[in-house]
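This briefing is meant for a reader who is meeting the structure for the first time.

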Amino acid sequence: MEGGTRFAERSRLTRRARQRRRLVKLALVACVYLLGVAVTTGVRVIRGEKEDVITQEDEYSEYRVRRAADLEEEERNCTPRSVDNFFGNFFTLEQTQDGGFVLHLLIAIYLFASLAIICDDYFVASLELICEDLGLQEDVAGATFMAAGSSAPELFTSVIGVFFAKSDVGVGTIVGSAVFNLLFIIGVCGLLAGMVIHLTWWPVIRDTGFYLLSVLALVIVINDTEVYWYEGMAMLIMYALYILIMYFNRPLETRAEVHFEKFRQWWRRKHPKTDVKQPLIGGKAAPQKKAENNGEAETAFTDDPMCQSLEDQHHEKEYESPWTVPNGVVHRIYWFAMVPIRCLLHFTVPDCRRPGRWRKTYPLTFTLSIVWIAAFSYVMVWMVTIAGDALNIPDTVMGLTILAAGTSVPDCLSSVFVARDGWGDMAVSNSIGSNVFDILICLGLPWLLQTAAVTPGESLSISSSGLVYSSLTLLGTVVFLIVSLTINGWRLNKPLGVVFLVVYVIVIALTCLYELNVFGDLNPPSCPRPE
């Protein structure tokens, strides 16, 4: 019995030991399994967090790429603010918009008058002496050096627009100045000359014909909103051809007179009852005397030697001290207002108009005049650009209106004075001829320098597509001028002067509407201001 009991006990202990070992194995397996699950889960969690971080970084990188692309697209679809290319503003944007722009415009108007003084009293005087020393013909001198003198503000405005402002303000100024010279100045001459101006048809046809070619060249150049060096070169070559025509002006004029006489005789044979009136043809129109005709003053040409000598008296200018106070309240107010500028120029620029050894200083007068014209033009464009930016007016609109009128007012006044002296033909021809210089030189020269010297091989972009339509409008003004003068018998009187002024207002309003996108999205909006 004891043996059996011990065996049973031993068997029971063995089974318990086996059960314990099984439990231990199961526990070990469970621990290993749990450990594996924990490790696997931890790896997955860590790997998931890394993937989340990588995904966030990728999304942020993609966002930055998309944002950069959007900004680049915005820059392509907007016009850069040219005000950022200047030194800055002495007012904040809010102060400028709240009325500070008035001060900027007043400074610009003061600089308009300053440019008139430096150009008329110093720059033109030095150019006259240069032409005299070079022995240039009168026509060639007028088409080159004297045209540069009257158009110096427009030239430097265009230079500043290309090299500094990097905007279309220069092109807008030239287009606006062309309309101003063609319609406004001629209209004012007819209105204020005090007489009926009989025009010589040959110089008008000559200058308007070449001006028409200049406008066509401008339209072709800016049609694709890109300007290349060879286009600027072509414009300069065109102006060289204009000078060549001016050099042979007298024989060309004589030949035109012969052909017109042949046409007149042919017309008499075909139409015996009618006749073609002989237009006024001559190298220089004789001075005009006033004659009463039905209550209206008209001008008559005369070959009186006393009248012939008026031409020389007109060009000979006696030296007048800049410190002589003029007569009249308005003239005195203007004189006193410009005393600071007169003092500045008196002590920095030698006056080659003074007799004696001062005449020999004209090269220095010429050089320093250019320096001051450039400085005045830079500040003038700067002030107008700030005012336009504050009022959200495009640079081209400011150029078409304020800058164009401001830079052309001295020419307008001088043309009126010349017309009142009986030289209306000279005044009208000068107004038309200066437009040729404005388009071919004032635009062509800066464009050529920018695309051939500063950034060779690259093109110059024209931001405003509306300028193409404005230039096309210029073609209509040329046709209107020729047709209206022909219908009026080549006479410029007060009614025709009023018509020219009304048409000027219409044309300028139309060109401004082009730039303001009234007729469609011709121009991209201004780029957002930097925050």
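Alanine 427 is buried, with a relative accessible area of 3%, where buried means under 20%, exposed over 50% and partly exposed in between, using a 1.4 Å probe and protein chains only. The model is a predicted one, in which local features need pLDDT of at least 70 and side-chain atom pairs count only at pLDDT 80 or more, while totals for chains, interfaces and linings use all residues. Residues are numbered from 1 along each chain as its sequence is written, and side-chain values use heavy atoms, with hydrogens and water left out.

**Around alanine 427**

- Alanine 427 belongs to helix α16, which covers residues 424-440; helices are DSSP runs of H or I with at least four residues, numbered from the N terminus.
- Leaving aside neighbours within four places in sequence, alanine 427 is in contact (heavy atoms within 4.5 Å) with Cys189, Ser415, Val418 and Ala419.
- Between alanine 427 and isoleucine 185 the C-alpha to C-alpha distance is 8.9 Å, although 242 residues separate the two in sequence.

**Aromatic rings**

- The count of aromatic pairs comes to 23, with rings of Phe, Tyr and Trp (its six-membered ring) pairing if their centres lie within 6.5 Å, and with planes under 30 degrees apart counted as stacked, over 60 as edge-to-face and the rest as tilted.
- One of these pairs joins phenylalanine 180 and tyrosine 504 edge-to-face, at 5.7 Å centre to centre and 85° between the planes.
- Because phenylalanine 180 lies in helix α6 (residues 169-192) and tyrosine 504 in helix α19 (residues 494-515), this pair ties together parts that are 324 residues apart in sequence.
- Phenylalanine 180 is buried at 4% relative accessibility, and tyrosine 504 is likewise buried, at 11%.
- Phenylalanine 480 and phenylalanine 500 also form an edge-to-face pair, at 5.7 Å centre to centre with 70° between the planes.
- That pair links helix α18 (residues 466-487), which holds phenylalanine 480, to helix α19, which holds phenylalanine 500, across 20 residues.
- Phenylalanine 480 is partly exposed at 26% relative accessibility, whereas phenylalanine 500 is buried at 0%.
- Ring pairs also link Phe86, Phe87, Phe164, Tyr378 and Trp382 into a cluster.

**Helix α8**

- Isoleucine 245 is located in helix α8 and is partly exposed, with a relative accessible area of 31%.

Definitions and conventions. Helix = DSSP H or I, 4+ residues; strand = E, 2+ residues; numbered from the N terminus.
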